[in-house]
Amino acid sequence: MPSPAQLVLAGLAPLVVIHRLLRGEGGSSRLVRARRVLAGVLALPPLAFTVPTLLALPIGSWLACALLAAGVAGGVLWRRGSVAAAVLAVVALAAVHGWAHTWALHAFSPGCGAVWAQAGATRLDRDARIERSLFSGMQRGEIGVDASERFAFASYAHGGHPQGIARLPLQAGAGAIEIVETGSGGFLFPRVEPDGERLFVADHVDRQLYVLGGAPFGVLARLELGSDEPMGVGFDAEARQVLVADRTERRDAPTPDERAAGLLALSLDDPSRRGARVPLPYLAGASEIVPVPGERRVIVSSDAFPTIATVDLATGTSSAAMTYLPGVGGVAVDPVRRELYATHPVGLVQVRGLDDLGYRRTLVAHGAHAVAIDAARGALYVGDGLGGRLRRIDATSGAVLGERRVGVRMRQMRVLGDGRLLTASACGVVVLDPP
């Protein structure tokens with residue numbers, strides 16, 4: 001993981017270079033234009049990070065930043081008389097923003113000690129072999145749980161790099177923590193087979209499907225998927241199949257279905273046997289597979305594009321809807337209200353009909369990423385991945401009904417049978433009483 005000094009230098013270096021390029025004097029007009037173009041190119045990546053993260057904050061925060069930017073632009077325009085220099089100076093502010101903003105969030109978010117000290121909080125991953133750090137939280141934010149709720153499964157990291165899967169006892173007497181070191185490049189969305197004990201997880205970097213389980217806990221099988229980028233895992237229990245989101249798009253394929261992303265189907269009894277691939281023609285960036293309780297349907301989200309799809313596993317067909325949000329952070333399904341909830345980190349929860357994917361309403365929830373439904377208790381929970389808090393909100397109005405501390409960089413959570421929440425963040429894997 002980079003040291004604080006390295007992060008400071010990484011944030012300041014582009015700012016210094018941009019400043020020198022803008023202040024450079026002499027040379028032909030062509031050279032002056034080239035320096036301005038290069039300054040703009042250097043400033044664009046941090047600007048792309050700055051805008052969405054600012055929008056995720058309360059309105060007062062980004063208005064203050066806008067006023068600061070306006071002051072800087074006005075000062076440069078007054079001193080230099082150049083609109084281009086003023087615009088580039090504002091853009092250059094974004095170069096240091098990524099570093100400053102990230103550390104400010106961590107400084108003002110709940111510390112891990114405060115998270116663990118809450119009444120009813122139980123940390124599951126107290127083990128020296130699992131490194132806990134703020135920057136490995138993004139890789140440790142993927143969790144699964146078996147149907148009997150004996151174990152939770154979490155991907156973890158060393159030095160910010162994914163390394164493997166930990167099996168964490170949820171119940172007293174279930175055993176000790178067991179860890180599988182795989183050196184994985186990118187475990188995502190570990191899922192336990194329905195009414196079974198094997199864990200399935202796709203490695204989207206090594207392009208393989210891992211099957212884990214047994215006693216002691218270990219790798220049972222590792223299969224090549226033939227996918228350029230496999231992502232989430234799900235199941236079709238009736239057909240005895242494991243599903244893998246395949247975001248591969250092949251422009252040179254002969255048919256539209258083959259060119260599109262899709263769901264790979266493998267036999268649960270023998271994962272080396274392939275079933276038919278279900279095409280997802282309008283879902284670039286296919287990511288997480290979310291089951292619809294009691295039905296043979298799944299919801300597939302995209303973490304990069306403004307689309308979401310529902311797949312009928314009985315017919316092998318899918319339908320998609322445009323969300324107009326650039327990427328979905330998490331999806332939860334409420335089978336009672338017949339609604340689904342899709343989050344976006346700019347602070348929105350979009351509500352759509354479960355049966356037709358039709359737009360219903362939008363709720364405001366700052367930093368919204370992880371989302372979960374407790375349909376039995378009528379509760380909607382949203383995790384603030386930036387601010388380190390978990391909130392229960394009203395599913396109609398978005399009003400905050402309760403709040404708990406959970407830790408920054410929270411990606412996922414699960415509602416357990418007794419109503420408690422299984423969470424994973426930079427503060428580890430923690431079970432919390434609901435707010």
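1. Surface patch. V37, L38 and V41 make a nonpolar surface patch of about 270 Å². This is a feature of a predicted model. L38 sits in helix α2, which covers residues 29-55. L38 has 43% relative accessibility.

2. A residue on a strand. H369 belongs to strand β22, residues 368-374. Is H369 buried or exposed? Its relative accessibility is 17%, so H369 counts as buried, the cut-off being under 20%. Setting aside neighbours within four places in sequence, H369 is in contact with G329, G330, T343, P345, G383, G385, M410 and R411.

3. Overall make-up. The protein has six helices and 28 strands. Among contacts with a separation of 6 or more, 44% join residues 24 or more positions apart.

4. The protein exposes about 19,200 Å². Carbon and sulfur atoms supply 59% of that area. The patch of V37, L38 and V41 is nonpolar.

5. Confidence. The mean pLDDT of the protein is 80. A value of 70 or more is reached by 77% of the residues. Over residues 133-140, the pLDDT is below 50. Beyond near neighbours in sequence, that stretch still has 37 contacts in the model.

Conventions: Residues numbered from 1 in each chain as written. Predicted model: local features only at pLDDT ≥ 70, side-chain atom pairs only at ≥ 80, totals over all residues. Heavy atoms only, no water. Helix = DSSP H or I, 4+ residues; strand = E, 2+ residues; numbered from the N terminus. Contact = heavy atoms within 4.5 Å. Areas by Shrake-Rupley, 256 points an atom, 1.4 Å probe, with all protein chains shown as cover. Patch = residues over 30% accessible without salt bridge, like charges linked within 9 Å, V, L, I, M, F, W, Y side chains within 5 Å. Salt bridge = Lys/Arg side-chain N within 4 Å of Asp/Glu carboxyl O. Buried < 20%, exposed > 50% of the residue type's maximum accessible area, 1.4 Å probe, protein only. pLDDT = per-residue confidence, 0-100.
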